[in-house]
Amino acid sequence: MRCFPVMLLMVLGMAFNADASNDLFAKAQTAYDDGRNAEAIILYENMVSNGVENTEVIYNLANAYFKDGDLPKAVWHYRNAWYDAPRDPDIRANLHFALHAAGAIEPATGLSGRIFSTLSSHEWIVAIIAAYLLLALLLTLSLLLRSMRSPLLKASLIPAVLLLVALAGWRYWGPFGRAPEAVVVTSGTTALYGPVEGSTAHFDVPFAALVQQRGSDPKGWIEIEYDGKTGWVKKSNIALLSP
Amino acid sequence: MTVGNGKLEIRNLKFLFLVMGCFLVAANAFAADVRMSVEPELISLLDRAVLKIEYLDAKGAAIDIPEVDGIRIEYRGPQTKYQFANGQSSSSVTHTYLITPLKTGDYTIGPVMATFNGGRKTLTTQLRVITPQDDPEAQQISQIMFSTIATDRETPYVHEPFNLELKVYIRDGAQIDGQFGIQGGMPESGLDGELKWTVVDRKREERNGIIFTLYTLRTTAKALTAGTFTFRPEVQLKVVIPRQQRRSWGFDDPFFGDFFGRQETRPIALECNRLDVEVLPVPMEGRPASYTGGVGELDFDVSVGPKQVKAGEPVTLKMRIHGQGNLEKIIPPGITDHHDIKLYDARTVPTQTPNEVRFEQVLIPKSDRIKNIPAISFSYFNTKTTDFRTITRGPFPITVESAPQNAAQVIPPGPSTIQQETKVLGRDIAYLKPHPGTWRMKDDETWYRTTPFRILLALPLAALIVLSICVTWRNVLDNNVALARRQKAPKTARRNIQLAKRALHTKDEAAFHQAMWGALTEYFGHRLNLAPGEITLQTVLARIPGETASIEHLFNAIEQRRYGIRLHEGDPKDEMKALLRECSSLLKQCERMKL
């Protein structure tokens, strides 16, 4: 009973936070509808800085940035929202639209990428847990029920395969963490052949293009890949992002 | 060397190895070196050289080479080599730079400080650039090839198209591959779209007594904002150099084209003059109300049809703006609101004709009072006369008959609005997402990352492992009777010993001796995997030779007591206790034995 006041305060605090977030969300939407994009950005950013990380907020923030003409931040937030909800058609469409507006190409994904990006990292983890529990249950039953051992072992192949697929899917998102993506935030960025000032220019990277990090240099250079080409750019020219 | 001094000798040898090891490490450190070289050291103005900084048996980073006036130095990347010969291994890291001469002369590259794990070293090298063999007069690249840029409008207005003309001069005799690239030197923002250069002319031209091949490239630019726009394009092209005119110095040189090719190409960036274009804003003064953003020299036509309709039937107003200007930026002009005419939004109509834009507007006369479609005005800013011009067309006479009672009215053609909506959807982002319902906070721990869940997740695996071990053990015992009975032996012995203790407590001699006999026979029967009929003193003694006396005594004593034979007088309880102790001790001893 001594804990009751503390719990009550926590519940009230949560309710207050939820109310404040609801209020901010509604105000931001009104500002966006009225074309006050800068105000909408501030309100959505306020929610994000208060710890709200719903995909809806990130996506709406990206929309506000796009309407405000800040393409790099729009692309950055669309991609961030995509990590959470890779099947969301609105996020995919708007990311495509923003990249197209920037004159940048979308990162190429192979067949495996297309398959494994159907579920987010979080969803793959849930799939792994489900497959693991089912496999454990079937194997336990096969040990306990001698007469049913053969069919149960055969049935356990299904969760075993599911587990392998889910592990591969989860692993697919790993490279995004190890080699994060980045958005070009400086116009006229040129990728060089080497991480040295005065190195030969290799290719131009469009403003707000989505690139992959391939390496880094302690002197503040990042090796990026864009459109199948790799080159070095200064770290200040890009904004890194990862799931 | 004596045996007694063996330890000393080994110590001496250890010391010797240590000293040798130190010498080897030191020698390795002293072997590390860095050197800088240029290959070749003598080149012509149209040639290029390779600068190499080579770290031998050491690792070192690329060095920022200070700028040298007259040559351009570009870093091309590192290369690592490992060699193993005559039992010796060596490695080298080579950082390669490409040197492009801009004018003739003797150049000193460096000094630069190289830091590596063997120390620091200051490096310097020399390069000489001489005039090309076929053009002894040229001292600089800019004397052989250069470019100029000019415009037909020094002060255009915002949205007014203006031409940029780029002239590329190539001295007679110099060969290029005919491809031009414009790299940088253009305004980063403020221009409408990317500039597309096209080669419009190629001719020979004499300049200061020297013959040049002149390529003319042209593009049209449009500024979106007012201000000064600076153009200094860096034209990149490839010069073709016959291979026999220059020496070759390596099969693995990555910069000089195909080794077996008969000619090579070398990229060169040309110098160009600076062109400042002052873009003026469209003035606010004198701007008419009907101005819809047109800039240039434009004309305006309007047609109306059909000219005879019933009230409620649609009439289409077709507008055409043509001429030189920012046609795609013009907002369609419209007629003013009229209470007897229902107006729909104008839409852009695709057209194949260049320098033309077409609009269509649907309107519906509501009554037969309408005799004319009102005049429509189009205003634009004329960049030649630098003033606003208004072109008015109409009014357009029209016959509107009254609509018959209850007659169905024609619904205005759908495509007008539908097409517009479709267009808008295709050109904009998807709308905002609705309220998510519940808020997910950053501090909220995902359920599968909580410690209780992780522990819970480990339980099925642990249970499965334990169960697997149990089942496997059960299977082993099922298949190995001897092992199963071996496991059973101590349990049966303990059970019988307990029975004996209870009998001792109740002073039931018969039960005591029966339990003791059971303890012995059942234990040895299981332990030695004997059938019930095989459990005899001889069999047990044959299999357990170590405890012969004790086994024999116990077997004989207990068997005699079972049949009531008593050899010694005394308290039977003490004797039973002694037997119990002896039996327990023997069984424990046998349990520890390996048979």
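This is a predicted model: local features need pLDDT of at least 70, side-chain atom pairs count only at pLDDT 80 or more; totals for chains, interfaces and linings use all residues.
Trainee: Why are α7(A) and α4(B) called roughly parallel?

Mentor: Set the value against the cut-off. Helix α7 (residues 121–144) of chain A and helix α4 (residues 451–479) of chain B pack at an angle of about 20°. Angles under 35 degrees count as roughly parallel, so that is the label α7(A) and α4(B) get. Their axes are 10 Å apart, and the crossing is left-handed.

Trainee: Which residues in α7(A) and α4(B) meet?

Mentor: On the α7(A) side they are Ile129(A), Leu133(A), Ala136(A), Leu139(A), Thr140(A) and Leu143(A). Among their partners in α4(B) are Leu457(B), Pro460(B), Leu461(B), Leu464(B) and Val471(B).

Trainee: How many residues of each class does this helix contact have?

Mentor: The contact of α7(A) with α4(B) has 12 nonpolar, two polar and no charged residues.

Trainee: What about the whole contact, how many residues does each chain give?

Mentor: Chain A gives 34 residues and chain B gives 30. On the side of chain A that touches chain B, α1 (4–33), α3 (55–67), α5 (89–102) and α7 each supply at least two residues. The largest share, seven residues, comes from α7(A). By class, this side of chain A has 16 nonpolar, 14 polar and four charged residues.

Trainee: Now the sheet in chain B. What makes β1 and β4 edge strands?

Mentor: Look at the order first: four strands form an open sheet, β1-β3-β5-β4 in chain B, with antiparallel pairing. β1 (33–39) and β4 (71–85) each have a single partner strand, so one side of each is left without a neighbour in the sheet. Neighbouring strands here are turned by 20° against each other on average, direction ignored.

Trainee: How do you know that β4(B) and β5(B) pair?

Mentor: Count the bridges. Two strands pair if there are at least two bridges between them, and 14 bridges join β4(B) to strand β5 (residues 88–101) of chain B, which run antiparallel. As one example of facing residues, Glu74(B) stands opposite Leu98(B) in β5(B).

Trainee: How many helices and strands are there in chain B?

Mentor: Chain B has nine helices and 28 strands. Of its 595 residues, 22% count as buried.

Methods:
Residues are numbered from 1 along each chain as its sequence is written. Chains are lettered from A and ligands numbered from 1 in the order in which they are written. Axes are lines fitted to C-alpha atoms, for helices over the stretch in contact, and angles run from 0 to 180 degrees between N-to-C directions. Angles under 35 degrees count as roughly parallel, over 145 as roughly antiparallel, 65 to 115 as roughly perpendicular and the rest as oblique. A crossing is left-handed if the near helix is turned anticlockwise from the far one by less than a right angle, and right-handed if clockwise. Two residues are in contact if their C-beta atoms, placed from the backbone, lie within 7 Å. Ala, Val, Leu, Ile, Met, Phe, Trp, Tyr, Cys and Pro count as nonpolar, Asp, Glu, Lys and Arg as charged, and the others, Gly among them, as polar. A residue is buried if 20 or more other C-beta atoms lie within 10 Å of its own, exposed if 12 or fewer, and partly exposed in between; C-beta atoms are placed from the backbone.
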